[in-house]
Amino acid sequence: MINIGSKKIGMPGWRNENFLSDETLKNIYGEHAIQHFNQNNPSLFVFSNSKPFDLIELEQLLQAVGWGRRPLRRVKRALDNSLLKVGLWQHDSKFPRLIGFARCTGDGVIDATIWDVAINPVYQGYGLGKLLMTYLMKSLKRKGISRVTLFADSDVITFYRKQGWNLEPNGKKCAFWYSN
Ligand SMILES: CC(C)(COP(=O)(O)OP(=O)(O)OC[C@H]1O[C@@H](n2cnc3c(N)ncnc32)[C@H](O)[C@@H]1OP(=O)(O)O)[C@@H](O)C(=O)NCCC(=O)NCCS
């Protein structure tokens, strides 16, 4: 398990001046943002659950991972109605770039369901997806929510299994209904 409890996650050798001050971090990315340096990339990455999204940039990210285009009006409503949205930004003081995203729906008290987990393909394989999930789960825990579900595509089941998710046994407990 990755500890994402501290605000600064770096690698040996990074000095404090590489990180944003608490004040700058909060001003750009909001409360509870966490910054992270990755061994494989010289950029500073920031996880946030309160920085607003540019809808076009978000849709571009989701299309980059291969998902279909959705009307922005509906996306905006879906985001407004979501319990939690988390973004992962490649830091730039003027133009932070959205490179990761996930959101949750739920009742805000007991249950939450995770949707739309995505990392820009250029940044996949560096551990950022795992950190995004850890950050998201911490954010849910802060709301007092401990029962969390998600629907994984078959080709990413291992990604979740490695993080300790229990797989629903034998496909017996799920029901899906798609209205076309
Ligand atoms: C799934 C996704 C979010 C993973 O992000 P990522 O940053 O590449 O993942 P990480 O680098 O943090 O991987 C963490 C671990 O999971 C493994 N893993 C990642 N993606 C995997 C996959 N598709 N299948 C199997 N294992 C995977 C990694 O090998 C790594 O293993 P390790 O801890 O033993 O080294 C990313 O590949 C993605 O956006 N995919 C397209 C969208 C998608 O399918 N989302 C999930 C919807 S259910």
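Let me start with the buried residues of helix H4, which are Leu128, Gly129, Leu131, Leu132, Met133, Tyr135, Leu136, Met137, Ser139 and Leu140; a residue is called buried if 20 or more other C-beta atoms lie within 10 Å of its own, exposed if 12 or fewer, and partly exposed in between, with the C-beta atoms placed from the backbone. Please keep in mind that this is a predicted model, in which local features need pLDDT of at least 70 and side-chain atom pairs count only at pLDDT 80 or more, while totals for chains, interfaces and linings use all residues. Residues are numbered from 1 along each chain as its sequence is written. When I say helix or strand, I mean a DSSP run, with helices being H or I of at least four residues and strands being E of at least two, numbered from the N terminus.

H4 has 15 residues and reaches 21 Å from its first C-alpha to its last, close to the 21 Å expected at 1.5 Å a residue, where the expected span is 1.5 Å times one less than the number of residues. Just after H4, Gly144 takes a positive phi of about 90°.

Now to the largest nonpolar core, which has 34 residues, and in which Val46, Phe47, Leu132 and Leu136 touch the most other members; such a core is a set of buried Ala, Val, Leu, Ile, Met, Phe, Trp, Tyr and Cys residues joined through C-beta atoms within 7 Å. Which helix gives the most to this core? That is H4, with 8 residues. Leaving out residues up to four places away in sequence, Val46 touches Tyr29, Ala33, Ile34, Gln35, Trp89 and His91, contact meaning that two C-beta atoms, placed from the backbone, lie within 7 Å.

Of the 18 residues around the ligand, Gln124, Gly129, Lys130, Thr158 and Phe159 come nearest. Strand S6 (111–119), H4 (128–142) and helix H5 (157–161) each supply at least two residues of this shell.

Let us turn to the strands, where two strands are said to pair if DSSP finds at least two bridges between them. Strand S4 (residues 84–90) and strand S5 (residues 97–106) pair in the antiparallel sense over 7 bridges, with Leu88 standing opposite Gly100 in S5, and a hairpin joins S4 to S5 through 6 residues. S5 and S6 pair in the antiparallel sense as well, over 6 bridges, and here Gly106 stands opposite Ala112 in S6. The hairpin of S5 and S6 has 4 residues between the strands, and in it Gly108 takes a positive phi near 80°.

Finally, two residues have a positive phi without being glycine. For His32, phi is near 65°; this residue is found in the loop between H1 and strand S2 (34–38). Why does His32 count as partly exposed? It does so because it has 17 C-beta neighbours inside 10 Å. Asp116, found in strand S6, has a positive phi of about 55°, and Asp116 counts as partly exposed because it has 18 C-beta neighbours inside 10 Å.

Notes: A residue is near a molecule or strand if its C-beta atom, placed from the backbone, lies within 6 Å of it.
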